[in-house]
Amino acid sequence: MLNPVRRLLSMPNPRETVTRLIDRADRANAARAWRKAEADYAAALAIDAAQPAIWVQYGHVLKEQGFLARAEDAYRSALAQEAGAAETHHHLGHLLLTRHRVEDAVAAFRQACLLDPDAAQSRAMLDHLGGTVAQERCCETPLRDIDDLPPLHGRDPEVAVPVETSTDRFRLAVVPRLRRLPGPRAPAAVAFIHLQKTGGTTLYDMLQHAFPPHRVCPVHDDFLNLYTADEMAEFDYFSGHFDVASLRLIPKRPLQVISVFRNPIDRLISVYRSHRSHEVTSKAGVNPFVRLANALSAEEFFEHPAVRSAPEIFNHYLAAFGLGFRQMKQAHRVTRDDVPAVAVESAVARIRGLDAIGITEKFEATVALIYESLNLQPPKVVRPRNVTDALATKMKGAPTPRVDKTPRLLAAMADLTCFDETLYAAACEEADRRLKARRA
């Protein structure tokens, strides 16, 4: 006996059948008969998959039933056929926010704004989430040091954050404050500026066990502005890919600030290999850098204009300690000639002033120093986390190929690390000074 889809395909006029199915699905959708609408949309798409609008409707009815992963696949199928549909990017953004993938949601809302400057709802969501709309332009205004920038994006006393509901699904809700929880407080709060691909995930995981779970801020990316000052006051440990300017959002004093640094060339190679370790068909494949890394050699990757201007690539340490991620993203294209000397000088001073400094190449020694500086008991064993080769073996069945430091690669990286080399040297010098003082 033929299944329903095969029976439909055997009919003499598939186009007429598709039209009837869609009409029936639309009526079921309007009547909130989600399961019936899902079945008819699926049958129509099985006959003719080249219908981006129907993929969107299919995604809607799946989302209404709580099938969030399948709904995301449906929206992405629509975008694969009609990438310029701003409204679909907006729907995808809401779905990603529902799944607690805030960074991906911001990217979707930002894309909707770029495609449609009048997309008021997407722009409002970006404002709630602290995002900005990147402009395809060169740096039109001079870059400045972080301390000379205007205040960070203001936080409403009531901010939009994803929260769990009693039905185990998620929605965007207005949460005026977190529920206050009893428990011991740390004598001082700790903020870990997690520079990418420096071994920071290992240190983050180790340090979080030194704090009660409800005192650990759950935001690990550059979204501290999702919380009000009252909510932030409930945490003692903050860690994420945020910059020095974001420390102004943490209303805790004293606040001990730490960071870990790595040889800039090796860090960039690790960035490339990390992106390449993911399958383009996986969830990480929505990141354009994952797709580029899988398609390009290391030399081609770091020569690509979109890669060269990203704050996680172009002198990442300077972006975190001297210029600020927000300014870098707004400038869009930054060259070494755009960087003022005062930003480099200030970044060096801020790094030397850190309460604790880690060096990837001296990880165990400097981690012990970090724990001592924070007056914490160091762990007996350091267990590496988020190791690129282990991730690649899990994802692809084999380690990511090694990258040779060819003359072409080093030339491509020269401008991308020119200021970070100075900051890395300052971090190493300061860490060595403190290690010697500890031994004395």
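The following conversation goes through the terms used for this predicted model and sets each value against its definition.

Colleague: What should I know about the numbering and the confidence limits?

Modeller: Residues are numbered from 1 along each chain as its sequence is written, and because this is a predicted model, local features need pLDDT of at least 70 and side-chain atom pairs count only at pLDDT 80 or more, while totals for chains, interfaces and linings use all residues. Side-chain values use heavy atoms, with hydrogens and water left out.

Colleague: How many helices and strands are there in the protein chain, and what makes a stretch count as one?

Modeller: The protein chain has 20 helices and 6 strands; helices are DSSP runs of H or I with at least four residues, strands are DSSP runs of E with at least two, and both are numbered from the N terminus.

Colleague: Why is His194 called buried?

Modeller: Buried means under 20% relative accessible area, exposed means over 50%, and partly exposed lies in between, with a 1.4 Å probe and protein chains only. His194 has 4% relative accessibility and therefore counts as buried. In the protein chain, buried residues make up 49% of the 440 residues.

Colleague: Where is His194 found, and what does His194 touch?

Modeller: His194 is in the loop between β3 and α9 (200–208). Leaving aside residues up to four places away in sequence, His194 touches Gly200, Thr201, His220, Ser239, Gly240 and His241, where contact means heavy atoms within 4.5 Å. The C-alpha atoms of His194 and Phe261 are separated by 9.2 Å, although these residues are 67 residues apart along the chain. Among contacts in the protein chain between residues at least 6 apart in sequence, 65% join residues at least 24 apart.

Colleague: What makes α6 and α4 mostly covered?

Modeller: In α6, 11 of the 13 residues are buried, including His89, His90 and His91. In α4, 10 of the 13 residues are buried, among them Trp55, Tyr58 and His60, and α4 is followed by Gly66, whose phi is positive, near 90 degrees.

Colleague: Why are α5 and α6 called roughly antiparallel?

Modeller: Axes are lines fitted to C-alpha atoms, for helices over the stretch in contact, and angles run from 0 to 180 degrees between N-to-C directions. Helix α5 (residues 68–81) and α6 pack at an angle of about 160 degrees, with their axes 10 Å apart. That makes α5 roughly antiparallel to α6, because angles over 145 degrees count as roughly antiparallel, under 35 as roughly parallel, 65 to 115 as roughly perpendicular and the rest as oblique. Residues in the contact include Tyr75 and Arg76 of α5 and His89 and His91 of α6.

Colleague: Why are α11 and α20 called oblique?

Modeller: Helix α11 (residues 264–276) and helix α20 (residues 407–439) pack at an angle of about 125 degrees, with their axes 8 Å apart, and are therefore oblique to each other. Among the residues that meet are Pro264 and Leu268 in α11 and Met413 and Tyr424 in α20.

Colleague: What makes two strands a pair, and which strands stand at the edges of the sheet?

Modeller: Two strands pair if DSSP finds at least two bridges between them. Strand β3 (residues 189–193) and β4 have 4 bridges in the parallel sense, and 4 bridges also join strand β5 (residues 255–261) to β6, which run parallel. The 4 strands form an open sheet in the order β4-β3-β5-β6, with parallel pairing. β4 and β6 stand at the edges, each with a single partner strand, so one side of each is left without a neighbour in the sheet.

Colleague: How do you know that both faces of β4 are covered?

Modeller: In β4 (residues 237–240), Tyr237 and Ser239 on one side and Phe238 and Gly240 on the other are all buried.
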